[in-house]
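Subject: Structure handover and notes

Hi,

Have a look at it first, and then read on for what I found.

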Amino acid sequence: MSVAIPRVGEGECHVWFADAVRVPVPALSALLDDRERARHDAFVRDRDRALYLTAHALLRQAVAAQLGTGAGEVRFTLECRHCDRPEPHGKPAVAGSALEVSLSHSGDRVAVAVSLAGPVGVDLEEAAGDGRAAELAPVVLSAAERTALEALPVGERAAGFTRYWARKEAVLKATGDGLMVEPARLTVSAPDAPAALLAWEKREEPHLPVRLQDVDAGAGYRAAVAVLGDACRVVRHEVGYDGDGTLYRPRPR
């Protein structure tokens, strides 16, 4: 039985998580527009194609449910605030709508966020290994964050780094800066503390407040969502796809 996608209310941000489809699903591919289909087909690895297809089909269905239209009829634009390259790229936006959207994927999972509370960014990260966390921490983390990370037990540092990374990416996606801004310029709260943006070195004015929250992404993953503006309520959903493209709600793991 296909699950109905709920409407996003004023002052809300809804986040959907799903495992990537395991095999090509024509019913989902049919939802993509020509640009998305070309990007999908350009991936070499089956895993990358599956992640892209799942994330973009789910985003289209989530937005279509809000607009009362077909998923294939939703139009997206891509906006970059840092350059004027002719090819479309940057933060996605829904053409002709006040809806704010974001999407992410990592490992074998995807995340999609839709908000009416303000610009949104969602980031999903598969837990980093010890070596990768140690390699990236000096580049990604501020001095205060490195100190807090090093204070954690050795066995908790990789997961702590992943928490930091997801929070920072969510903020930079919400603002539309992406990795054009060095993540180390941001300082977020320690991994074992409630998510919050504490400082942003040389942040341009004017700017909206950042509302940052962790979201349960399932075992082995960390996720965060950032919304710019007033405080909002985050609503989490877990969904999946059958082989025929039917969206369903899986049983709790």
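In β12, Leu 247 is the residue opposite Tyr 241. Five residues lie between the strands of this β11 and β12 hairpin, and Gly 245 takes a positive phi near 90 degrees there. For the terms, strands pair if DSSP finds at least two bridges between them. Helices (H or I, at least four residues) and strands (E, at least two) are DSSP runs, numbered from the N terminus.

Before going further, please keep in mind that this is a predicted model: local features need pLDDT of at least 70, side-chain atom pairs count only at pLDDT 80 or more, and totals for chains, interfaces and linings use all residues. Residues are numbered from 1 along each chain as its sequence is written, and side-chain values use heavy atoms, with hydrogens and water left out.

Strand β11 (residues 233-241) also pairs with β1 (residues 12-19), this time in parallel, through seven bridges. As background, strands of a sheet pair through backbone hydrogen bonds, either parallel or antiparallel.

Next, the cysteines. The structure holds zero disulfides, a disulfide being a pair of cysteine sulfur atoms within 2.5 Å. Cys 13 is in no disulfide, and the nearest cysteine sulfur, that of Cys 232, is 5.5 Å away. Cys 13 is buried, with a relative accessible area of 0%, and Cys 232 counts as buried at 14% relative accessibility. Here buried means under 20% relative accessible area, exposed means over 50%, and partly exposed is in between (1.4 Å probe, protein chains only).

There is also an open sheet of three strands, with antiparallel pairing in the order β6-β10-β9. Its edge strands are β6 (120-126) and β9 (210-215), each of which pairs on one side only. From one strand to the next, the twist averages 15 degrees. Seven bridges join β6 to β10 (residues 221-228), and these two run antiparallel. Gly 121 has Ala 226 in β10 as its bridge partner.

Helix α6 (residues 157-175) lies across β6, β9 and β10, running at about 155 degrees to β6. Axes are lines fitted to C-alpha atoms, for helices over the stretch in contact, and angles run from 0 to 180 degrees between N-to-C directions. Thr 162 lies in α6 and is buried at 2% relative accessibility. Leaving aside residues up to four places away in sequence, Thr 162 touches Glu 125, Glu 126, Ala 127, Ala 128 and Arg 222. Contact means heavy atoms within 4.5 Å.

- α4 (residues 130-140): the axes of α4 and α6 come within 9 Å and cross at roughly 45 degrees, which makes the two helices oblique to each other. The crossing of α4 and α6 is left-handed. Asp 130, Ala 133, Leu 136, Ala 137 and Val 140 in α4 meet Ala 158, Phe 161, Trp 165 and Lys 168 in α6.
- α5 (residues 143-150): the axes of α5 and α6 come within 9 Å and cross at roughly 150 degrees, so α5 is roughly antiparallel to α6. This crossing is right-handed. Glu 145, Ala 148, Leu 149 and Glu 150 of α5 make the contact with Arg 157, Gly 160, Phe 161, Tyr 164 and Lys 168 of α6.

On the wording, angles under 35 degrees count as roughly parallel, over 145 as roughly antiparallel, 65 to 115 as roughly perpendicular and the rest as oblique. A crossing is left-handed if the near helix is turned anticlockwise from the far one by less than a right angle, and right-handed if clockwise.

Finally, is Ala 134 buried or exposed? Ala 134, in helix α4, counts as exposed at 57% relative accessibility.

Best wishes
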